[in-house]
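I opened this notebook page to record what I looked up, going from the division of the chain to the ligand and then to the sheets.

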Amino acid sequence: METESLTGADADSETSESRPQEYLADVGFDELALSPEVRRAIAERGYVHPTPVQAKAFQPVVEGRDLIVRSKTGTGKTAAFGLPIIERIDRGERAVRALVLCPTRELALQVATELGDLSKYRDIKVAAIYGGASMRAQQDALAYGSAIVVGTPGRVYDHIRRGTLKLDGCRAAVLDEADEMLNQGFYEEVTRILDCLPKDRQVLLFSATVPQDIQNLMARYTRNPETILMSGDVYTVEHIQHVRFDISDAYPKPRNLIYVLEMEEPENAIIFCNTRDDTELVTAVLNRNGFDAELLNGDLPQKERERVMGKVKRGEVAFMVATDLAARGIDISDLKYVINYSLPEDPAVYLHRVGRTGRIGKKGIALNLVSGRELSTLTALERKYGVVFEKREMPTPEKAMELWTERHVKEIKDAAAGAVYEGFLGLSSTLKGRPDADDLVAFLLKYFFSHHRMERVQALREREAERAKREEKKERPKERPKAERPREKEKRGAKLEPSGIRLWVNLGRMDGIEDAGLVQALERAGAPAGKVQRVEMKGTYSYLWVPEADAAAFEATSGKQHGEKAIKVERARR
Ligand SMILES: Nc1ncnc2c1ncn2[C@@H]1O[C@H](COP(=O)(O)OP(=O)(O)OP(=O)(O)O)[C@@H](O)[C@H]1O
Ligand SMILES: [Mg+2]
């Protein structure tokens with residue numbers, strides 16, 4: 001059988017080469033009582049050997065015990081609770097048997113996907129239940145019969161209240177990121193949900209950080225729990241290098257970030273900010289400077305959040321600028337760098353943020369921009385968690401200028417490669433001798449960079465749109481539920497004949513953009529792009545049709561920058 005070939009000495013030696021010893025359990029998957037279906041799914045996911053937490057948690061979970069587990073970021077906790085939970089559920093089960101609660105929608109979706117992959121050969125369905133997504137689709141998934149439900153507390157409770165989620169047969173509740181789930185923001189909702197489960201349910205609490213006060217709180221919701229603290233008192237992930245840059249006051253903070261990026265040249269990174277405003281500012285500055293960056297914060301519509309996460313996970317964007325929405329649990333394979341634009345106040349948040357890299361034994365680097373205000377977090381991290389920071393110097397303004405110049409020259413050279421421009425060499429040398437040479441070249445540079453960068457973003461967008469179209473074609477079920485059809489039709493109709501109002505925008509083809517680029521520019525400026533019904537591009541301006549109710553949100557982008565230009569949106573005159 002397929003799974004048999006993956007056991008034994010060969011497989012073990014293969015993993016020990018690619019994964020450090022401390023990420024390998026001292027038993028193999030063979031020694032865990034796994035069904036052939038789950039073994040097949042594990043093999044398909046490429047898991048050859050369990051991680052220590054997976055081996056350690058398996059038996060107590062299968063026995064139905066309550067568990068509190070602390071294991072570092074990226075050590076495979078999802079499968080550690082997922083595998084035994086799946087094994088405890090009968091094949092073809094349709095009643096809800098396990099409920100997994102996560103602090104963010106992104107994490108709920110990720111965990112549901114992993115559990116879905118692991119249980120796919122056992123005829124078990126996994127439903128992802130989170131806010132901002134269609135209630136109806138979730139109701140359908142629940143009505144169809146999902147034995148495992150993964151969700152965020154607010155939406156899960158919504159379904160309980162409506163009677164669409166019945167938990168009377170639910171035997172296990174998992175709090176992924178347990179300390180966060182029992183923190184102020186979630187406590188009430190989570191405990192209210194737990195109260196809807198049968199009294200004899202099993203409760204499993206997993207996190208990379210379990211502070212003492214939370215541990216005490218957990219004791220209230222568990223019965224005689226087994227506590228598993230992997231790695232004892234060590235919280236830091238060995239393979240993550242922590243670097244500290246004391247920021248320079250000689251230039252603004254976003255410039256500090258740009259110089260760090262220019263010096264370190266990370267190929268990809270999550271850049272964490274403490275506020276949504278900062279995420280917006282940083283994303284705008286990065287894009288203006290030719291870095292490929294996307295924004296993720298709680299202000300974005302859910303569809304946009306999923307689009308950005310999808311792009312980041314597929315490696316299609318280099319930098320994701322995020323709030324702590326992305327700090328917990330999010331798994332991005334091969335993410336090399338985490339950058340803290342500001343340090344979080346809570347040192348535990350730091351551990352979770354930097355834990356987005358260095359997963360499953362891979363190497364990672366955390367770059368931290370530190371100002372005087374953040375020294376207390378830094379000291380707490382050093383004292384409490386033993387984080388060792390390597391200090392690197394910010395460049396002097398002269399060095400920074402040199403780096404900046406080099407990067408721009410490289411961008412021009414890359415673009416010029418293969419282009420035929422010899423015909424202009426004569427003009428170029430004449431220009432150099434003119435007294436207005438600086439002005440002329442400055443204009444050419446401005447023109448080049450804004451167009452070149454916009455073209456790049458647009459090409460990416462187009463590729464993405466094509467990919468999405470292909471996926472949609474692949475995924476579109478042959479028969480859609482009848483109830484959905486009129487709405488779909490409505491949507492398509494709306495595109496052909498816009499029912500909304502017409503807005504005038506001061507961006508047009510002359511700004512080097514087409515329809516998609518215009519919508520994207522407004523989206524970046526904060527408009528709900530999904531609401532655009534139709535676009536009509538002109539040379540220096542465009543018309544947009546949007547629902548009346550959303551017009552204000554589009555008008556509110558007036559004054560925001562698109563490249564060097566301040567956007568202007570007004571209701572079009574009839
Ligand atoms: N046995 C295994 N072999 C190989 N890869 C694995 C194994 N178990 C899990 N992984 C992979 O390791 C990565 C980290 O797993 P996971 O997200 O479950 O970690 P975690 O401990 O929950 O981290 P965090 O604390 O950040 O939530 C994922 O990409 C997952 O697919
Ligand atoms: Mg996790």
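Before comparing positions I noted that the domain bounds come from an automatic or database domain assignment. The model I am reading is a predicted one.

**Entry 1, domains.** I found the protein chain divided into domain 1 (7–229), domain 2 (240–398) and domain 3 (496–571). Taking centres over C-alpha atoms, I read a separation of 43 Å between domain 1 and domain 3.

I looked up the surroundings of ligand 1 and listed 19 residues, of which the closest are Tyr47, Gly76, Lys77, Thr78 and Gly329. Sorted by class, this shell holds five nonpolar, 11 polar and three charged residues. Which helix gives the most to the shell around ligand 1? I noted helix H4 (residues 77–88), which contributes three residues. Domain 1 (7–229) and domain 2 (240–398) each supply at least three residues to the shell.

I traced an open sheet with parallel pairing, whose seven strands follow the order E10-E11-E9-E12-E13-E8-E14. Strand E10 (293–296) and strand E14 (389–392) are at the edges and have a single partner strand each, so one side of each is left without a neighbour in the sheet. On average, and with direction ignored, neighbouring strands of this sheet are turned by 25 degrees against each other. Helix H11 (residues 253–264) packs on the sheet, where it touches strand E8 (240–246) and strand E13 (364–370), and its direction makes about 150 degrees with that of E13. I also checked strand E9 (residues 269–272) and strand E11 (residues 319–322), which run parallel and are joined by four bridges; Ile271 stands opposite Val321 in E11.

I followed helix H16 (residues 397–416), whose 20 residues reach 28 Å from the first C-alpha to the last, close to the 28 Å expected at 1.5 Å a residue. Just after H16, I noted that Gly418 takes a positive phi of about 85 degrees.

Strand E15 (residues 501–505) runs antiparallel to E20 and is joined to it by three bridges, and I recorded Glu570 in E20 as the bridge partner of Trp504.

Terms used
Residues are numbered from 1 along each chain as its sequence is written. Chains are lettered from A and ligands numbered from 1 in the order in which they are written. This is a predicted model: local features need pLDDT of at least 70, side-chain atom pairs count only at pLDDT 80 or more; totals for chains, interfaces and linings use all residues. Two strands pair if DSSP finds at least two bridges between them. Helices (H or I, at least four residues) and strands (E, at least two) are DSSP runs, numbered from the N terminus. A residue is near a molecule or strand if its C-beta atom, placed from the backbone, lies within 6 Å of it. Ala, Val, Leu, Ile, Met, Phe, Trp, Tyr, Cys and Pro count as nonpolar, Asp, Glu, Lys and Arg as charged, and the others, Gly among them, as polar. The expected span of a helix is 1.5 Å times one less than its number of residues. Axes are lines fitted to C-alpha atoms, for helices over the stretch in contact, and angles run from 0 to 180 degrees between N-to-C directions. Two residues are in contact if their C-beta atoms, placed from the backbone, lie within 7 Å.
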